[in-house]
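Work through the exercises below with the coordinates open. Each task is followed by its solution in steps.

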Amino acid sequence: MKPGAARRQWTLVAVVILAARAANALPAYGPMQVTGNLQSQTLIRNPDIDKYQLIQNRNTLRLRFDYDWLKDGKVIDKFPVPWIRSSHLYLLYRGVYDSVYDLAPGGNLHDILGRPVGSLDSLPSNVRDGLKYENVLREAFIDVDFRDIPLSLRLGRQQIVWGESDNFRMLDRANPLDLTWHQLYESWDDLRRPLWMIKALWRIGYIGPLSDAFLETYWDPGDWQPAKQGFMPEYPWGISSTNPLNGLIGPPPTGLGYTGLFRGTTLFNQGDYTRNPGGNSQLGVRVSAVTPQGIQFTLNYFYQRWAGDDGTDYAPVRALRTRAELTEAAKNRQIPAVFIAPYINTAGSSLNYSDEEYTQTVYRLETIYDFGVPFSDTAKPSPVPLFKNQLFDITRRDMWKGMIAFDRPTWIRFLNRNSTFFLSGQFFWHHLIHKEPSFIGNVDPEVPSQDTIHAWETIATLLVTTFYAGGSIVPTVSYGLDPVNTYNMYIGWTLDYFLTNDFIVRVGQNYFLTPGTPPAFESWSLGGFNRGRSESLVRLTYQF
Amino acid sequence: MRSRRPFVAHLIALLLLLVIGPAGARAAAPGDVITAANADSIADQVSPGVLWCIHHGMNLTIGPYKRIVVPKAYTAATEQHASQVRLSDNGLRLEGYVAGLPFPSIDLNDPNLASKIMWNYYYRPYFTDDYTWRNFAADTGLLNPDAGMTVERNYTVRDFGRLFYNGRLYVDPKPELPNPERIRYKELTGPILTPLDLKGVGSLSYRFIDIEEQDRTWLYTPTLRRVRRLSTTQRSDSVFGQDTDLDSYYGYSGNIAWMTWRFLGEKQMLGSFHSQHSPVEWCPGKGDFAFCDVWEPRQVYVIEGISKLPQYAFSKRILFIDKETYSVLYMDAYDHAGELWKLWINQWRAVDRASANPGVTVYPDEQLFNPSFVMVDIQLRHATRSWTPTKASASGEEELFNVGGEKAGILEDHYTVAHLIEAGR
């Protein structure tokens with residue numbers, strides 16, 4: 001489709017929706033519901049007090065369709081269906097027009113070292129056209145609840161979220177992330193990549209003294225993809241680095257004549273496997289229950305490919321080291337490295353407990369143990385001289401990760417006498433078991449020493465929010481501190497103002513305070529990928 | 001010798017004041033319409049909070065008192081079991097309770113009088129097996145001095161349901177469901193249908209029979225796509241920032257043991273128990289934050305409650321509880337400076353069916369339908385009103401009493417964390 005035509009169609013859809021809404025023609029409740037929103041988000045990056053740069057104007061249409069097509073064992077209230085008590089259809093469409101690719105602001109974007117990496121204006125128009133639209137049925141699933149057995153199924157393209165943590169993931173790993181979306185100003189609901197999966201939930205009820213027990217499991221029969229990454233300058237809010245394959249692929253003078261990575265694998269997209277049940281199945285299972293003391297817990301297990309989106313300084317590529325592989329790569333003019341997404345086993349647990357008597361606080365805990373995460377090992381350099389300082393084989397190691405957190409609604413009456421302030425603090429850790437000194441993280445050829453992997457990485461976060469004016473003004477302040485990497489800090493605020501029930505204005509700012517030099521590609525990206533990325537936000541949302 | 005006449009005159013005046021209220025006041029008569037212009041004439045027959053509402057646009061149409069007969073099954077259970085019910089020495093626990101009204105005989109000289117009335121309220125009629133209030137709407141907004149309220153946020157919610165585990169009278173198993181956890185009731189609210197930013201939000205709460213056991217609450221949050229545990233202590237916190245708080249539902253929805261109760265008196269007051277309008281009819285003009293309907297004289301207990309919980313929003317609540325039905329007419333809540341802050345008013349409708357629509361449930365006894373309620377913050381001049389059925393209701397039946405899960409559309413296994421996950425979208 002021509003870009004102009006796509007834009008016209010998109011505009012037409014928006015106009016039709018607004019007109020339908022004006023006529024109250026869209027049912028918001030009842031067995032069939034059509035709802036959605038139109039959203040325009042503008043981001044201004046201000047790396048310094050006197051520097052401003054437009055980096056995003058993202059216009060998004062979300063359309064949601066809900067249909068209780070089978071209820072009380074009958075289809076459309078008429079035709080009885082044995083075995084099934086109810087069923088629900090859910091569809092979610094997302095269309096995006098990133099006008100910043102048409103506006104193509106000049107100036108320079110900068111990488112993690114502060115080096116200019118070009119601008120949107122410097123990109124060819126066909127590249128910008130290819131980036132500015134998204135048109136996708138993000139989620140499409142059907143829920144089935146059986147009549148005579150305590151079982152329900154969710155079949156289709158969906159998101160599955162487990163665990164207790166906010167904004168950092170451990171047990172929330174069924175869906176990899178699309179990190180070409182903004183990690184701070186776009187919700188995780190938008191960041192996760194929905195996948196075609198089968199999820200089953202069995203309501204157990206009581207197990208001895210335990211109550212509210214259930215077993216939940218999912219199977220992804222091959223749709224899985226790794227975390228999607230975007231580079232600069234194509235994605236000003238993506239990884240703060242240019243694509244490391246630039247200068248390698250293609251004929252001179254822009255490339256070194258390589259056709260791509262080994263065996264046609266593509267960076268952050270496709271490893272050396274097929275996307276079918278035999279080559280790419282993913283599995284997760286958890287059991288949950290509540291103890292007599294009121295502690296809710298889960299025990300979890302995953303057998304999944306490594307997505308690379310939980311902050312770990314893992315190895316996304318493996319240097320080829322065997323003669324057979326090197327010969328094959330040379331024959332096909334492929335870079336002597338392969339993008340990898342190996343299967344790993346993960347065991348984990350989570351729990352929550354609300355202590356009402358002494359602290360009036362909810363405590364949350366989540367922990368996992370990853371078996372065999374891949375790391376770049378400089379003790380295993382590429383035998384190809386050109387790449388011996390840049391490409392390394394991997395060594396796999398286990399990791400222990402966890403989080404403890406609290407949530408406490410707290411009265412601060414001189415600031416708000418009607419609503420409590422919701423305080424939520426989290427502390428995360430990653431521990432690399434048997435770390436070798438030869439491990440390195442993401443590699444920049446110009447500063448190979450910049451990223452020493454730590455055996456321990458930690459971060460603490462705090463969020464405060466409350467309601468004013470009957471819930472129509474919602475301020476939020478958030479803070480993050482990375483004590484391992486030179487005490488890098490993040491502080492941000494947003495203010496949601498409901499001008500009407502359907503029209504919401506959000507303004508906000510975030511600041512990254514990065515006292516340390518040089519920068520590091522550390523786990524939490526406070527002083528690494530987000531260095532110099534203090535930004536201001538204006539978002540307008542019309543919901544219907 | 002000093003004359004005794006002034007003393008006698010003062011005594012008579014005081015007695016008259018207690019009996020008939022302030023000078024010039026008289027008992028409202030059927031057919032009277034109470035507006036801001038004549039509100040003071042019934043000042044002693046409503047709470048200070050309701051009086052404030054009348055002065056700010058709410059109108060009452062006075063009707064005759066009509067007796068409400070408590071359902072027969074409840075009366076029978078009271079007769080069968082009440083004699084074995086005891087209040088623990090500290091007044092915080094019921095012993096020997098099975099079903100019905102725990103304390104049918106109220107002695108005004110009983111030192112535990114207030115607690116016994118509140119336990120009667122806790123196990124009041126109508127809410128015995130299950131209860132559903134569905135497809136309801138809520139507005140929250142600013143009160144204007146000369147015009148209708150400015151609605152800031154509007155919500156529609158599919159279900160509010162309660163499943164009671166003990167004291168059951170109608171649906172097997174009774175009088176108690178299998179109950180190893182000693183649950184009093186489970187409560188489900190949601191999913192929110194509109195607005196979109198809250199669509200899908202749903203909560204689940206457990207209330208236990210044993211007072212040592214704190215409530216448990218979980219919330220499904222669509223933006224997180226997962227169920228989150230909530231602290232249940234701050235029940236006086238406003239819900240989503242609007243005017244209502246969890247403890248204020250129905251007048252009071254906290255645990256009886258969480259408050260120190262004091263009996264303030266018994267008197268005749270006005271309450272709306274035979275309202276004519278369902279769907280609700282809001283008052284005209286600036287009074288549209290409240291329902292306009294028929295009010296009638298009712299005999300009420302006036303009870304003061306002071307929270308034992310730390311940081312409770314209110315210094316005290318004053319509950320006005322109908323003696324016949326043990327339902328709250330209205331509740332006034334005071335701030336820590338002792339000033340009236342918020343109030344809750346229930347609109348009740350004692351009938352045997354939700355509407356005249358064919359196919360609605362016809363109950364053998366009158367039920368106490370609740371077409372609307374309002375909670376007003378008189379200090380901020382802000383109000384939240386909620387109602388069902390709405391004018392969009394197709395069935396005419398959005399409130400169900402003791403009909404069982406299949407008919408109510410909320411099965412027992414819907415009151416589980418697992419179901420919150422299953423239904424989360």
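Predicted model: local features only at pLDDT ≥ 70, side-chain atom pairs only at ≥ 80, totals over all residues.

**Exercise 1. Find how many residues of chain B are in contact with chain A, then sort them by element and by class.**

Step 1. Count the contacts, taking two residues as in contact if their C-beta atoms, placed from the backbone, lie within 7 Å. On this criterion 42 residues of chain B meet 44 residues of chain A.

Step 2. Assign elements. Helices (H or I, at least four residues) and strands (E, at least two) are DSSP runs, numbered from the N terminus. On the side of chain B that touches chain A, at least two residues each come from strand 5 (130–142), strand 6 (150–164), strand 8 (192–194), strand 11 (226–230) and helix 6 (417–423).

Step 3. Classify. Nonpolar means Ala, Val, Leu, Ile, Met, Phe, Trp, Tyr, Cys and Pro; charged means Asp, Glu, Lys and Arg; the others, Gly among them, are polar. This side of chain B holds 18 polar, 14 charged and 10 nonpolar residues.

Residues are numbered from 1 along each chain as its sequence is written, and chains are lettered from A and ligands numbered from 1 in the order in which they are written.

**Exercise 2. Test each chain against the globule rule.**

Step 1. Set up the rule: 2.2 Å times the number of residues to the power 0.38, with the radius of gyration taken over C-alpha atoms.

Step 2. Apply it to chain B. For 425 residues the rule gives a value near 22 Å, and the chain has 22 Å, which agrees.

Step 3. The C-alpha trace covers about 70 × 55 × 55 Å in chain A and about 85 × 55 × 45 Å in chain B.

**Exercise 3. Locate the nonpolar cores.**

Step 1. Define burial: 20 or more other C-beta atoms, placed from the backbone, within 10 Å of the residue's own. A core joins buried Ala, Val, Leu, Ile, Met, Phe, Trp, Tyr and Cys residues through C-beta atoms within 7 Å.

Step 2. Take the largest core. It has 109 residues, and B:I321 and B:M331 touch the most other members.

Step 3. Inspect B:M331. Beyond four places in sequence, its contacts include B:Y252, B:F320, B:L343 and B:W344.

Step 4. Find the second, separate core. It has 31 residues, among them A:L261, A:Y314, A:F339 and A:I453.

How values were computed
Buried ≥ 20, exposed ≤ 12 C-beta atoms within 10 Å, placed from the backbone.
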